[in-house]
Amino acid sequence: NAVNESAFFSAAGNARSSLIQYLFREYARRTAGDADFILMHGSETVCNTSGYQPDILMSYGEIRTLGASYDAVEYTTVKAGNEILFLTRQAFSFAREPYTVYMVSNITQVYRGLQTFVPGAVLIGGLTAAVCVPLLVFLLKRALFPLEMLKQQAAQIAGGVYSERACPRGSDEIAALAQSFNAMAGAVERNINSLELKAQQQEMLLAAVAHEIKTPMTSVIGYADTLQRTRLTEVQQQNAISRIHTECRYMERLIQKLAKLIATDHAALSLREESTAVLLDEVRKTVVSGQGLQETEISVYSDGGLLAMDRDLMTDLLLNLIDNSRKAGSSHISIVAQKNDIFVRDDGCGIPEEKLAHVAQPFYKGDPSASRKKGGLGLGLALCQKIARLHGALLAIDSSPGTGTTVHIIFTN
């Protein structure tokens, strides 16, 4: 660039060639480093600092091109004896004359260094992989172990083992997931247990119903067959008809009690504050106007308080308790309402301690023969307990043989 082209063209041939060589050697000296340069003018070598024939060397290697066609740089790598050479070639025009410049770099040391480094790098990489891969697998298994345990526990729950629980560790997201899983498993277990309990209760109820109906049905069929096939006196006919009527009324009461027992399982109560004085007065009037209590004295007392209740259901509960007291041979029955407690006390035969835990079970009868004679079904206290639960109340029974029975309805709300 420092040469004036007009001065260059006016210079003589030898002087011009010398100038080009001088400028090229200066350029090569300042920029080459460990590389050598060759300048060609057509097929004529103008300057060569390498000692190699560039065209011959370029023909030994696979030539690749870098850049656009007008300023493309060609390069290749060749082996010359024990040396590895890197060559580049680029054509250009100067003073309307074609020139080609070559750069030759000896990369033998670099190549040999790579040859030495690569096996070492492969060995180090292999050792690193041999150590890191098992470690990584171990860490992954440890990290995923809680999830695997959750998977196994979910499979066990799906198989019916509802008591299975996860053991959360730490406070990370997996531990939070385990806690949520345990909450879900607990809810599932409670619901399943509740369904199983209801299914068992229904089976027992159906079995008890079948057993209870069998006796009166057998009696009805027997008396009906007797009326059809046997010539009876008028008195015998009336006795048979009366017996059939008695057994049919027994089955009617059984069906009504069962309907109430089932209805209370699905009842959605709307509780209202009711006066206990009004409740007890209605119960007394119902009892006094009924049949079979002429020899039983009824007394009621209320402190005038208010309790949240369904008055119809609570009336039915108290009437059932009074009916049980009558069947126990009571001569005096008192009904008292104080604060959050309503209780029915009688002076009947009482209940043995070992039977108290069973008296609220459906169809349980402490004395089956006596209950049968008095029209007992074994459903009264079961119905009372369900009604009390619907009110959020507790049914507590205090009794002993010979001293009578007291049944408390304790409102906990």
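A search of the whole structure, which is a predicted model, finds two aromatic pairs. Select Tyr-75 and Phe-86 to begin with: their rings form a tilted pair, with 6.2 Å from centre to centre and 40° between the planes. This pair links distant parts of the chain, since Tyr-75 belongs to strand β4 (residues 73–80) and Phe-86 to strand β5 (residues 83–94), the two residues being eleven residues apart.

Next, select Phe-92 and Tyr-99, whose rings form an aromatic pair that is stacked, with 5.8 Å between the centres and 20° between the planes. This pair counts as stacked because its planes are under 30 degrees apart. Here Phe-92 is partly exposed, with a relative accessible area of 37%, whereas Tyr-99 is buried, with a relative accessible area of 7%.

For the last stop, move to Ile-298, which is found in strand β8 (residues 297–302). Is Ile-298 buried or exposed? Its relative accessible area is 18%, so Ile-298 is buried, the cut-off for that class being under 20%. Which residues does Ile-298 touch, once those up to four places away in sequence are not counted? Select Arg-284, Val-287, Ile-322 and Ile-333 to display these contacts of Ile-298.

Methods
Residues are numbered from 1 along each chain as its sequence is written. This is a predicted model: local features need pLDDT of at least 70, side-chain atom pairs count only at pLDDT 80 or more; totals for chains, interfaces and linings use all residues. Side-chain values use heavy atoms; hydrogens and water are left out. Rings of Phe, Tyr and Trp (its six-membered ring) pair if their centres lie within 6.5 Å; planes under 30 degrees apart count as stacked, over 60 as edge-to-face and the rest as tilted. Helices (H or I, at least four residues) and strands (E, at least two) are DSSP runs, numbered from the N terminus. Buried means under 20% relative accessible area, exposed over 50%, partly exposed in between (1.4 Å probe, protein chains only). Contact means heavy atoms within 4.5 Å.
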